[in-house]
Amino acid sequence: MLSESSSFLKGVMLGSIFCALITMLGHIRIGNRVHQHEHHHLQAPNKDDISKISEAERMELSKSFRVYCIVLVKPKDVSLWAAVKETWTKHCDKSEFFSSENVKVFESINMDTNDMWLMMRKAYKYAYDKYKDQYNWFFLARPTTFAVIENLKYFLLKKDPSQPFYLGHAIKSGDLEYVSVDGGIVLSIESMRRLNGLLGVPEKCPEQGGMIWKLSEDKQLAVCLKYAGVYAENAEDAYGKDVFNTKSVGLFIKEAMASHPNQVVEGCCSDMAVTFNGLTPNQMHVMMYGVYRLRAFGHVFNDALVFLPPNGSEND
């Protein structure tokens with residue numbers, strides 16, 4: 001009798017776990033029933049094509065690309081927060097920090113939650129509601145990320161923000177393709193519009209993930225966007241190298257030296273890299289020095305376009 005009772009209880013427990021697993025997996029795969037998609041490899045524009053554009057058109061292009069930067073932070077990130085605030089975010093057309101709670105040291109928008117997915121949702125809604133008429137591209141990053149905003153704008157030159165672009169470092173996980181938040185996430189204004197329309201629809205874009213284990217915030221975002229017909233795209237340069245990177249420059253160089261020491265630079269990173277991740281505050285300032293301040297005297301870069309930092313930036 002005891003044996004039968006024990007077997008029955010085990011059966012109930014296993015059945016419950018199995019049902020919960022099916023529910024969670026089904027939640028991820030629902031988007032696939034709408035449309036099968038393999039991510040594209042989006043490349044930066046050809047520099048020769050840009051050089052053929054008239055001076056007036058170049059000036060118009062330089063002014064028309066406006067990027068709003070979202071940085072998700074927590075109180076434990078204070079030193080990183082300070083470094084990001086003092087470095088690359090000054091090159092965004094506007095940057096704002098969204099924190100899990102009030103922090104007196106820095107100005108931020110309090111999301112009143114420690115859940116990264118809820119923070120991301122609230123930050124996107126805030127940004128869309130307040131700035132949908134002012135910015136056409138929205139870039140989200142962690143405080144460990146360093147971004148070269150001018151390279152981001154160059155990459156986006158031939159992309160139409162009225163189209164549903166969702167790009168960065170794309171990863172395939174089972175049936176789900178998503179853009180890793182470690183490398184930064186870019187959404188066009190059209191993608192923001194579609195996402196905003198889904199945030200209030202729990203069956204398509206829930207605030208909570210699976211029943212057994214929780215999906216990361218970048219995967220949750222991909223699940224929601226699939227319902228809106230917006231799919232992850234991988235951003236690359238003309239040579240097929242990633243421009244949104246989930247590791248630091250130092251780690252890439254270390255890996256390149258181990259795998260092909262005769263091609264450390266060529267085997268490391270794209271010349272048009274947009275992001276690197278996993279940086280310390282000191283490494284942020286070193287990157288700032290290398291990207292924006294170190295110059296060979298007398299050498300002039302023959303760039304066809306110039307993206308000036310916003311008024312008030314003290315980095316150049």
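Cysteine 205 counts as buried because its relative accessibility is 1%, where buried means under 20% relative accessible area, exposed over 50% and partly exposed in between, with a 1.4 Å probe and protein chains only. The model is predicted: local features need pLDDT of at least 70, side-chain atom pairs count only at pLDDT 80 or more, and totals for chains, interfaces and linings use all residues. Residues are numbered from 1 along each chain as its sequence is written, and side-chain values use heavy atoms, with hydrogens and water left out.

**Disulfide of cysteine 205 and cysteine 224**

- A search of the whole structure finds two disulfides, a disulfide being a pair of cysteine sulfur atoms within 2.5 Å.
- In one of them, formed by cysteine 205 and cysteine 224, the sulfur atoms are 2.1 Å apart.
- This pair joins distant parts of the chain, 19 residues apart: cysteine 205 is in the loop between α7 (189–198) and α8 (217–227), and cysteine 224 is in helix α8. Helices (H or I, at least four residues) and strands (E, at least two) are DSSP runs, numbered from the N terminus.
- The torsion about the S-S bond of cysteine 205 and cysteine 224 is about 90°, so this disulfide is right-handed.
- Cysteine 224 has 0% relative accessibility and therefore counts as buried.

**Disulfide of cysteine 69 and cysteine 92**

- Cysteine 69 and cysteine 92 also form a disulfide, with their sulfur atoms 2.0 Å apart.
- Distant parts of the chain are again linked, 23 residues apart: cysteine 69 belongs to strand β2 (residues 67–73), while cysteine 92 is in the loop between α4 (78–86) and β3 (94–99).
- Because the torsion about the S-S bond of cysteine 69 and cysteine 92 is about -95°, the disulfide is left-handed.
- Cysteine 69 counts as buried at 0% relative accessibility, and cysteine 92 counts as buried at 3%.

**Helix α10**

- Helix α10 (residues 281–293) has 13 residues and reaches 17 Å from its first C-alpha to its last, close to the expected 18 Å; the expected span is 1.5 Å times one less than the number of residues.
- Met284, Met287, Met288 and Tyr292 of α10 are buried.
- Seen down the axis of α10, the buried residues fall within an arc of 105°, so they line one face of the helix; the arc is that of the directions from the helix axis to the C-beta atoms.
- On the face of α10 turned away from the buried side are the exposed residues Asn282, Val286 and Arg293.
- The cover over the buried residues of α10 includes α4, β6 (146–147), α6 (149–155), α9 (249–259) and β12 (275–276), where contact means heavy atoms within 4.5 Å.
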